[in-house]
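User: Could you walk me through how the strands and helices of this structure are arranged?

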Amino acid sequence: MDDATRSTLEDLPPSAKLVYKTLEYEGPLTQGDLATESLLPSRTVRYALTTLADDDLIEERLHIQDARKRLYSLATNEPAAATNLAINEPS
C-alpha cells in the first residue's frame with residue numbers, strides 16, 4: 001500500500017477501512033460476499049463501497065456468473081491507457 005492510499009484511508013470511516021482490508025485479503029468479492037466476510041450489514045457495505053469508489057480506491061465490474069451483481073476489487077495504480085501504450089509502442 002502506498003503512502004497516498006494510506007493517507008486517504010486514514011480519513012475514511014471504519015466500515016470503509018474494513019471493506020478495503022477485506023478486499024485486500026480475500027480478493028474480488030460481490031457486495032453480498034463482502035457483507036458475509038466482514039460481518040457488516042448490507043447497507044453499511046453499500047455505503048463503504050460508495051465511499052471507496054468516490055476516492056478511486058476500488059474498481060467495480062460486472063460479475064460474469066450473474067450480470068445482476070457487481071464484483072469489487074482494489075483499484076490498480078497503473079492507468080489502463082498507459083499500460084496499452086507501453087504494449088503497443090514499436091520496438
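User: In what order do the 3 strands of the open sheet lie?

Analyst: Good place to start, and please keep in mind that this is a predicted model. The edge strands are β1 (29-30) and β2 (58-62), each pairing on one side only. Strand β3 (residues 70-74) runs antiparallel to β2, and 5 bridges join the two. With antiparallel pairing in the open sheet, the order is β1-β3-β2.

User: Are α2 and α4 roughly parallel or roughly perpendicular to each other?

Analyst: Two packed helices are described by the angle between their axes and the distance between the axes. For α2 and helix α4 (residues 42-54), the axes are 8 Å apart and the angle is about 80°. Angles of 65 to 115 degrees count as roughly perpendicular. The two helices, α2 and α4, are therefore roughly perpendicular.

User: How many charged residues are in the contact of α2 with α3?

Analyst: The axes of α2 and helix α3 (residues 31-38) come within 10 Å, crossing at roughly 100°. On the α2 side the contact is made by Leu18, Val19, Thr22, Leu23 and Glu26, and on the α3 side by Leu34, Glu37 and Ser38. By class there are 4 nonpolar and 2 polar residues, and the number of charged ones is 2.

Conventions:
Residues are numbered from 1 along each chain as its sequence is written. This is a predicted model: local features need pLDDT of at least 70, side-chain atom pairs count only at pLDDT 80 or more; totals for chains, interfaces and linings use all residues. Side-chain values use heavy atoms; hydrogens and water are left out. Two strands pair if DSSP finds at least two bridges between them. Helices (H or I, at least four residues) and strands (E, at least two) are DSSP runs, numbered from the N terminus. Axes are lines fitted to C-alpha atoms, for helices over the stretch in contact, and angles run from 0 to 180 degrees between N-to-C directions. Contact means heavy atoms within 4.5 Å. Ala, Val, Leu, Ile, Met, Phe, Trp, Tyr, Cys and Pro count as nonpolar, Asp, Glu, Lys and Arg as charged, and the others, Gly among them, as polar. Angles under 35 degrees count as roughly parallel, over 145 as roughly antiparallel, 65 to 115 as roughly perpendicular and the rest as oblique.
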